[in-house]
Amino acid sequence: MAFYIERSVLIIVTFGVLMHISSAINAKGCTPLDSWTFDKIVPKFHAAIVKFDIAYPYGKKHEEYTKLSAAGRGSPELLVAEVGVKDYGDMENMDLAERFGVTKEDFPKVKFFVNGKDKPFDFDGEFNAEELKKFIRRHSEVYIGLEGCLETFDRIVDRFMTTENQSDKKGLLRKAEDEWDKLKSPSDQQIAETYVKIMRKVLEKGGEFISLEKTRVEGLMIGRITKEKKEEMQGRLNVLKSFTHDEL
C-alpha cells in the first residue's frame, strides 16, 4: 500500500512540475534566447526587452511578463524575450547572464536594448505589466498597446478620432479596411474587423457611441458568461479604449 501511495504522490508532484514548465514554454509572444541566438536576433529589432530568469519560470512575476508579451504582439519593432539560465549541470546561458552582469540573486532581471546597443537599460520598478510598458515607452518610441490591439489600426484610429472632417474620417475607414484585407493571421483579422466595425458605428452614430458601447460591454462582463466569452469581451473593450486613449 505504501508503494502505491508514494507512487501517487510522485505522479502528482511530477504533474505539478510539468505544469510549471508548460506555463513557461507557453508564454505566447515571448521568444526564448540562448548564448547562440541572442546576438542573431536582438540587433534585428529597434527595441528588445529581455528577462533573465531561471530555466522554467513561474509565479506572479512570470505571469506579468507574459501579459507584457501578449500586449507586445501588435508592435513589429519590439521583441519580448527571455533567457532561461541554469546554475547547475551544463550551466546553460550562465555566460550570457554574466556578460550582462546578472546573477541568480537578481532573477527575474529585465534589461531593455535599444537599436541593438550592448549597454541596455535596467528595469528597477514594480514588476508588473503596466510598469514594464511605461519603462519601454520612457526609453524608446516603440508602440505598445493593450492586449488584443494592433499598432497599424491604433494609429489610424488616433487620426480618425481627432479629425472633424467627415470626408477624412471616411478615407481613414477605407484605409483601415485595406489594412484588414492585407492581414494573414486569422486572429489579427478578427481584431481588425472589430476596429472597422467600431469605426463604421462612429461614422453612423457619432463619437458618443464609444462611451455607450464601453458601458454595454462592461455590463456584459459583470454577468455570468464563459471564460472564452469574457476574454472576447475584454478584447473588444481594449480596442474601444484605443478610441479614447485610456491605455495611456
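Is K133 buried or exposed in this predicted model? K133 is buried, with a relative accessible area of 5%.

View 1. E130 counts as partly exposed, at 36% relative accessibility. Helix α5 (residues 129-139) lies across β2, β3, β4 and β5. Its angle to β4 is about 25 degrees.

**View 2. Five strands form an open sheet.** Their order is β1-β3-β2-β4-β5, and the pairing is mixed. The edge strands are β1 and β5, and each pairs on one side only. Strands β2 and β3 run parallel, joined by eight bridges. I49 stands opposite V80 in β3.

**View 3. E82 and K51 meet in a salt bridge.** The N to O distance is 3.1 Å. E82 sits in strand β3 and K51 in strand β2, 31 residues apart. Both E82 and K51 are buried. A network of salt bridges links K51, D53 and E82.

**View 4. D39 pairs with R99 in a salt bridge.** Their closest N and O atoms are 2.9 Å apart. D39 belongs to helix α2 and R99 to helix α4, so the pair ties together parts 60 residues apart in sequence. D39 is partly exposed at 43% relative accessibility. R99 is partly exposed too, at 38%.

**View 5. Helix α6 packs with helix α8.** The angle is about 5 degrees, and the axes are 11 Å apart. That angle makes α6 roughly parallel to α8. Residues in contact include F153 and F160 of α6 and Y195 and M199 of α8. The contact has ten nonpolar residues, no polar ones and one charged residue.

Notes. Residues are numbered from 1 along each chain as its sequence is written. This is a predicted model: local features need pLDDT of at least 70, side-chain atom pairs count only at pLDDT 80 or more; totals for chains, interfaces and linings use all residues. Side-chain values use heavy atoms; hydrogens and water are left out. Axes are lines fitted to C-alpha atoms, for helices over the stretch in contact, and angles run from 0 to 180 degrees between N-to-C directions. Helices (H or I, at least four residues) and strands (E, at least two) are DSSP runs, numbered from the N terminus. Angles under 35 degrees count as roughly parallel, over 145 as roughly antiparallel, 65 to 115 as roughly perpendicular and the rest as oblique. Contact means heavy atoms within 4.5 Å. Ala, Val, Leu, Ile, Met, Phe, Trp, Tyr, Cys and Pro count as nonpolar, Asp, Glu, Lys and Arg as charged, and the others, Gly among them, as polar. Two strands pair if DSSP finds at least two bridges between them. A salt bridge is a side-chain nitrogen of Lys or Arg within 4 Å of a carboxyl oxygen of Asp or Glu. Buried means under 20% relative accessible area, exposed over 50%, partly exposed in between (1.4 Å probe, protein chains only).
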